[in-house]
Amino acid sequence: MNPDDPITGLLADLAAETGPAPARDLLPDLLAAARLASGHLALPAPVDLPPAARPYLRQVLALTALVEGPAADRPATPVVNGWTAAQVLAHLTAVDALAAQALGLPAPAETGTGVEVQARTDSLLAALDPTDLPGAAALWRRQCNALLRFCATGDQARMQRPVRYLGIPLSAPDVLLDRAFETWIHAEDLRRALGLEAEPPAADDLHTLSDLGARLLDLTWPEPADGPVLALELTGPGGGVWSVPRGATGARASGPAPAGGTVVLDAVDFCRLAGGRLDPDAVPHTGDAHPEQARRLLGAVAALARL
Amino acid sequence: MPVELGAEAEVDLVRRLTGGDETALAELYRAYATLVHGVALRVAVERAAAEDVVQQVFLHAWTHARDFDPGRSRLRSWLAMLAHRRAVDWVRREAAHRRAAAKVEDEFLDVEEAAIDSVVAGRIQAAVAGLPEQHRAPIRMLYFEGRSVREIADHLGVPEGTAKTRLRTARQRLAEQLHGERMVTAE
C-alpha cells in the first residue's frame, strides 16, 4: 500500500475517528528509544528489557542528557553533599556496581572497592578529578550498560530470585527500581544545582517507584506489626493508596477505612522525602490521621533514605 | 480526539524532527498515536503487537523524517502506510512461527506484501459494499473516486454539512463492522 491508496486513506480515517488509542502512554519508551537511536550510548532498547528495568533505562537517559548538556559547561558546580557532578556520578557508579554484584554480575575494579556504599564511593572519589565530568560519565555509563545488558540478555530465572542488596533482602526487579529511583534523585540534585526545572518521572514510573517506597516502609515502620493501620494516599500523576504497615494481602489499601486514618501527600514529594530531599517535619500533607501518627509515617518515609 | 496538524504545521514539524527536536516527536505522537494504533490493531488485532507497531512507526518517523515528502502526501497518510506495513509484517512473522511450530501450510508464509494488501483491500471493500446506499455512495466518492466533500454534497443534492455527517456515520458503521475482525487472517 502507498500513502495515496484509497484503502490507506479509509483505514487512516477509521482509525483516527474511532481509535482505539493505545491503552497506555507509549511516549516515555519512544523517547528513550529515540535518544538511543540518536546517540552513542549502545544501551539496550526499552523493548528488549523486562518491565522492571525500563524506569532505570529512562532515568539513565535523562541524566545522560543533563550531563552531556547543561552540566557539561559547569563541571565545578557543587551539586549535593559538596560533590560536583562528576563525584555524584562516581557515587552512582559505586552503588550501581553493588546492585550488579547482588544480581550476580562481576563488578570490575574500575567501579571501586568495598562492599559498603560509603567505602566504595570513597574509593572512586579518591581516584577521580572532581571536574572530569566526561571521564566520570563514561565510567558510569559503562556500568549502566553492563547492568542493563544483563537485564536484557541474562539469566531470567535469576531475575526472579530474591537477592541481598545493601544488606536488605529484595527481589531483583526491586533492585532495578531502586537504581531508577536513586538515578532520578541525583538527576534532580543536578537540575536544582543548575537552576533547571524539576523533571519528575513519567506517571507510570512514578507510581512504580512510589509503590516500591510504600512496600519498603515495612523496614522502617516504628510501630509494632499489630498497631493501627494507616492509609498512605499519594496524589497527582502516578499516585495511589497504600496500607501502612502492610497487611498479609500486600501494601495496597482496600476495604473499609483504616483505623489509623489517612495521610495524604503529593507523590513526587513522597519520593523526594524517601530520597532524603525533604524534611519530614516540613513536607506538605493533609488527611485525617492523628498528627502523631502522621508524623511517625512521614518519619518512616524519611528513614528510607538511610537504608 | 487528538488534533491533527495542518499542512504548514506538518512541514515545520518534519523540519524539527529532522533537526533532532524531541518535542517535535512528542507532538507527532500526541497527534497521531491513536491513528497509528488504530490501523495497527485492525490489521494485527493483538494489542501487544499494535503497541510494538506504534513504537516502530514513530521511531521510523524520528530516524527517517527526511524521507517524508510533504509535497507528495500528508503525514497522516505516511504514518498510516507505515503502520499498515509493520502490522502486515507482524502477521507474516506470526504465520511463519506457527508454521514452524506446527508444520501447517499457511497461505501467507510466502505471499508477497502486495497479495496481503489485496486481502485487506478486499475485506474493506466488502464492508463498504455492505453499507446502505446513503452511506456507501459518499464513501465510494470520497475514497475511490477522489471527489471533494463539496463535490459529493453537490452530487447528492445535500448541504456540505450533511455530506460530512453521512461520511462520519458511514465510517462509524464500517468501524463497527470491522471491529475485532483481523483484516489478514493467518491461522
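Contact means heavy atoms within 4.5 Å. The model is predicted: local features need pLDDT of at least 70, side-chain atom pairs count only at pLDDT 80 or more, and totals for chains, interfaces and linings use all residues. Residues are numbered from 1 along each chain as its sequence is written, chains are lettered from A and ligands numbered from 1 in the order in which they are written, and side-chain values use heavy atoms, with hydrogens and water left out.

**Exercise 1.** Determine which residues A:Pro75 touches, not counting residues up to four places away in sequence.

Solution. Step one places the residue: A:Pro75 lies in the loop between H3 and H4 of chain A; helices (H or I, at least four residues) and strands (E, at least two) are DSSP runs, numbered from the N terminus. Step two lists the contacts, which are A:Thr84, A:Ala85, A:Pro130, A:Thr131 and A:Leu133. Step four gives the accessibility: A:Pro75 is partly exposed, at a relative accessible area of 24% (buried means under 20% relative accessible area, exposed over 50%, partly exposed in between, with a 1.4 Å probe and protein chains only).

**Exercise 2.** Examine the backbone at A:Pro20, A:Pro245, A:Asn81 and A:Leu166.

Solution. Begin with the peptide bonds. A:Gly19 and A:Pro20 are joined by a cis bond with omega about 0°, and A:Pro20 sits in the loop between helix H1 (6-18) and H2 of chain A. The bond from A:Val244 to A:Pro245 is cis, with omega near -5°; A:Pro245 is in strand S4 (residues 240-247) of chain A.

Next take phi. A:Asn81, a residue other than glycine, has a positive phi near 60°. A:Asn81 is in the loop between H3 and helix H4 (85-102) of chain A and is exposed, with a relative accessible area of 57%. A:Leu166 is not a glycine either, and its phi is positive at about 55°. The loop between strand S1 (162-165) and strand S2 (168-171) of chain A holds A:Leu166, which is partly exposed at 35% relative accessibility.

**Exercise 3.** Describe how H6 and H7 of chain B pack.

Solution. Two packed helices are described by the angle between their axes and the distance between the axes. Helix H6 (residues 133-144) and helix H7 (residues 149-156) of chain B pack at about 145°, with axes 10 Å apart. Axes are lines fitted to C-alpha atoms, for helices over the stretch in contact, and angles run from 0 to 180 degrees between N-to-C directions. For the residues, B:Pro138, B:Met141 and B:Leu142 of H6(B) meet B:Val149, B:Ile152, B:His155 and B:Leu156 of H7(B). By class, this contact has six nonpolar, one polar and no charged residues (Ala, Val, Leu, Ile, Met, Phe, Trp, Tyr, Cys and Pro count as nonpolar, Asp, Glu, Lys and Arg as charged, and the others, Gly among them, as polar).
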